[in-house]
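Student: I would like a close look at a single part of this model. Please take me through it step by step.

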Amino acid sequence: MTEPVISLRGVRAELGSRPVLRGIDLTVRRGEVVALLGANGSGKSTAVRSVIGQVPVSAGEIELFGAPRHRFRDWARVGYVPQRTTAAGGVPATVTEVVSSGRLARTRFGLFRKADREAVRHALDLVGMADRAKDSVDALSGGQHQRVLIARALAAAPELLIMDEPMAGVDLASQEILAETLRSQVARGATVLLVLHELGPLEPLIDRAVVLRDGCVLHDGPPPKAVGQHALPGHDHVHPHAPAGAEPIRTGLLS
Ligand SMILES: Nc1ncnc2c1ncn2[C@@H]1O[C@H](COP(=O)(O)OP(=O)(O)OP(=O)(O)O)[C@@H](O)[C@H]1O
């Protein structure tokens with residue numbers, strides 16, 4: 001077994017006065033691709049935001065690359081794609097500028113050298129957005145925004161990629177591009193934690209699935225298979241060959 005890159009033990013978090021994480025244990029080891037699944041509101045985003053320090057935890061321990069999270073400073077090793085937001089944020093910026101911001105942590109004093117510019121170009125190539133490099137991010141579609149945010153996370157060639165629903169609002173052709181991108185990251189040894197709503201084209205890449213329900217881990221093991229791309233564990237599913245009137249198969253993981 002390789003060493004843990006992310007480790008959560010007994011993590012609790014409240015938002016407002018609502019308990020959102022109620023004792024989460026989660027380990028992601030070097031080179032693993034782990035999908036975090038669960039119904040809306042089960043705490044997936046909060047869990048990954050606690051890992052990157054955007055949500056304070058009230059109990060438990062989080063470690064990144066073996067260091068307690070509050071002492072971890074090496075953020076160039078981590079690429080984060082937030083849940084669907086726009087890359088624009090009201091500030092006029094080009095696609096290249098947004099992606100370059102993801103490279104800053106790897107530069108010395110923010111000075112871009114040739115290797116940095118090449119890394120930015122390469123990240124744009126990976127997500128199929130090189131031809132839009134000079135465009136304003138205001139001029140992009142939602143799915144294109146998402147691809148720019150992914151390129152931003154890739155620009156520093158991080159060892160750990162954390163992506164919150166990277167496929168949300170992305171058409172099927174772009175999903176295939178993103179699956180290919182992720183495959184190349186995994187091939188170069190990246191560790192990946194993905195919040196997903198459905199496995200979709202990423203299914204072949206996923207080593208393990210962790211399913212949350214109501215702020216607790218309900219399942220940690222092999223990714224759900226067999227019931228088709230549209231289905232998650234717990235998705236009520238009637239097999240197309242089942243006799244008429246058959247009850248949906250309930251695996252109970254999501255409900
Ligand atoms: N800023 C906040 N203040 C109070 N409650 C919040 C806040 N953000 C999220 N919550 C609540 O925390 C719970 C978990 O939210 P979270 O975004 O982690 O869920 P999720 O599993 O990522 O859901 P989704 O699939 O809809 O993205 C929800 O009940 C949500 O309403």
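How many residues does helix 5 have, and how far does it reach from its first C-alpha to its last?

Tutor: First, the ground rules. This is a predicted model, where local features need pLDDT of at least 70, side-chain atom pairs count only at pLDDT 80 or more, and totals for chains, interfaces and linings use all residues. Residues are numbered from 1 along each chain as its sequence is written.

Now helix 5. Helices here are DSSP runs of H or I with at least four residues, strands are runs of E with at least two, and both are numbered from the N terminus. Helix 5 covers residues 172-187, which is 16 residues. Its reach is 22 Å, close to the 22 Å expected at 1.5 Å a residue. That expected span is 1.5 Å times one less than the number of residues.

Next, the buried side. A residue is buried if 20 or more other C-beta atoms lie within 10 Å of its own, exposed if 12 or fewer, and partly exposed in between, with C-beta atoms placed from the backbone. In helix 5, the buried residues are Ser174, Leu178, Thr181, Leu182 and Gln185. They sit on the same side of helix 5 because they cover an arc of only 95° around the axis. The arc is that of the directions from the helix axis to the C-beta atoms. An α-helix has 3.6 residues a turn, so residues three or four places apart point the same way.

The face turned away from the buried side carries exposed Leu172, Ala173, Ser184 and Ala187.

Last, the end. Just after helix 5, Gly189 takes a positive phi of about 100°.

What covers the buried residues? The cover includes helix 3 (114-126), helix 4 (142-154), strand 7 (160-164) and strand 8 (191-195). Contact means C-beta atoms, placed from the backbone, within 7 Å.

Methods. Contact = placed C-beta atoms within 7 Å.
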